[in-house]
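Morning, everyone. Please have a look at the chain on the screen, and then I'll walk you through it.

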Amino acid sequence: MQSLRKWFYRPKKDDQSLLAQFFYADEALTLVAAELDSFDGREDPERCTALVNHLRQCQDNVLNICNKIMDVWIPEDRANRDFRVKFPDDVMQDNLAGQLWFGAECLAAGSSIMNREAESAAMRPLAKALTKSLENVRNMLREYSLRSTHPGDIFFTDDLYIDRIFESLKVFDRLLAEFELGYVTAMVPVKTAKEYEMQQLVMVDR
């Protein structure tokens with residue numbers, strides 16, 4: 001029944017709404033993840049590496065679309081990310097979202113961040129909470145994108161399901177911001193307050 005519903009109500013390929021973009025990006029991610037799960041990397045290491053890279057690209061795409069959805073749906077409730085000013089300039093790159101997702105999954109599965117056992121153990125509960133929250137958001141957005149009662153990104157104020165999505169997005173965004181700060185701080189040296197002040201002075205002098 002679910003497969004029939006998905007067939008009849010799936011967004012059109014030419015639909016440029018964020019929900020449609022999410023639906024197809026999430027579908028692509030699911031296919032790559034399924035192939036990777038059934039693949040024996042020992043038989044073809046190069047293919048395995050290519051699949052992992054593709055997986056991270058798909059994760060990056062899905063998460064970037066989720067961020068756009070949150071910008072539109074909960075603009076006043078986005079988590080504060082002022083901490084990014086202390087990150088090295090090259091950290092805020094295009095695929096940071098995918099790296100965070102991949103890192104959270106690895107931590108949740110028991111891996112460590114570059115052999116930093118203490119930091120990894122401290123962040124593991126947060127990583128598990130984040131991956132669980134993200135899975136919940138994906139399921140809810142996937143379900144909502146299949147509803148035939150709303151066109152594109154338009155939703156109705158009396159739709160209780162969208163209220164649940166809003167709350168799930170808020171929780172997810174808070175966890176993602178918290179994980180981003182902890183993960184990047186553990187991976188690279190962040191700017192001290194003095195270094196940030198010096199950078200601001202240089203920018204003013206220019």
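Which element of the protein chain has the lowest mean pLDDT, and which the highest? Keep in mind that this is a predicted model. The lowest is helix α7, residues 193-205, with a mean of 45. The highest is α5, at 93. For the protein chain, the mean pLDDT is 82. Of its residues, 81% reach 70 or more.

Over residues 192-206, pLDDT stays under 50. There the model has 6 contacts beyond four places in sequence. Where pLDDT is low, the predicted coordinates should not be read in detail.

So much for confidence. On to a helix pair. Helix α2 covers residues 18-37, and helix α5 covers residues 117-145. They pack at an angle of about 125°, and their axes are 9 Å apart. That makes α2 oblique to α5. The crossing of α2 past α5 is left-handed.

Which residues meet there? From α2, we have L19, F22, F23, D26, L29 and T30. From α5, they meet R138, L141, R142, Y144 and S145. Sorted by class, this contact has 6 nonpolar, 2 polar and 3 charged residues.

Last topic: salt bridges. The count comes to 12. Take one of them, R10 with E27. Their closest N and O atoms are 3.1 Å apart. Where do the two sit? R10 is in the loop between α1 (2-9) and α2, while E27 is in helix α2. They are 17 residues apart, and the pair links distant parts of the chain.

That's my tour. Thanks.

Technical notes. Residues are numbered from 1 along each chain as its sequence is written. This is a predicted model: local features need pLDDT of at least 70, side-chain atom pairs count only at pLDDT 80 or more; totals for chains, interfaces and linings use all residues. Side-chain values use heavy atoms; hydrogens and water are left out. Axes are lines fitted to C-alpha atoms, for helices over the stretch in contact, and angles run from 0 to 180 degrees between N-to-C directions. Helices (H or I, at least four residues) and strands (E, at least two) are DSSP runs, numbered from the N terminus. Angles under 35 degrees count as roughly parallel, over 145 as roughly antiparallel, 65 to 115 as roughly perpendicular and the rest as oblique. A crossing is left-handed if the near helix is turned anticlockwise from the far one by less than a right angle, and right-handed if clockwise. Contact means heavy atoms within 4.5 Å. Ala, Val, Leu, Ile, Met, Phe, Trp, Tyr, Cys and Pro count as nonpolar, Asp, Glu, Lys and Arg as charged, and the others, Gly among them, as polar. pLDDT is the predictor's confidence in each residue, from 0 to 100. A salt bridge is a side-chain nitrogen of Lys or Arg within 4 Å of a carboxyl oxygen of Asp or Glu.
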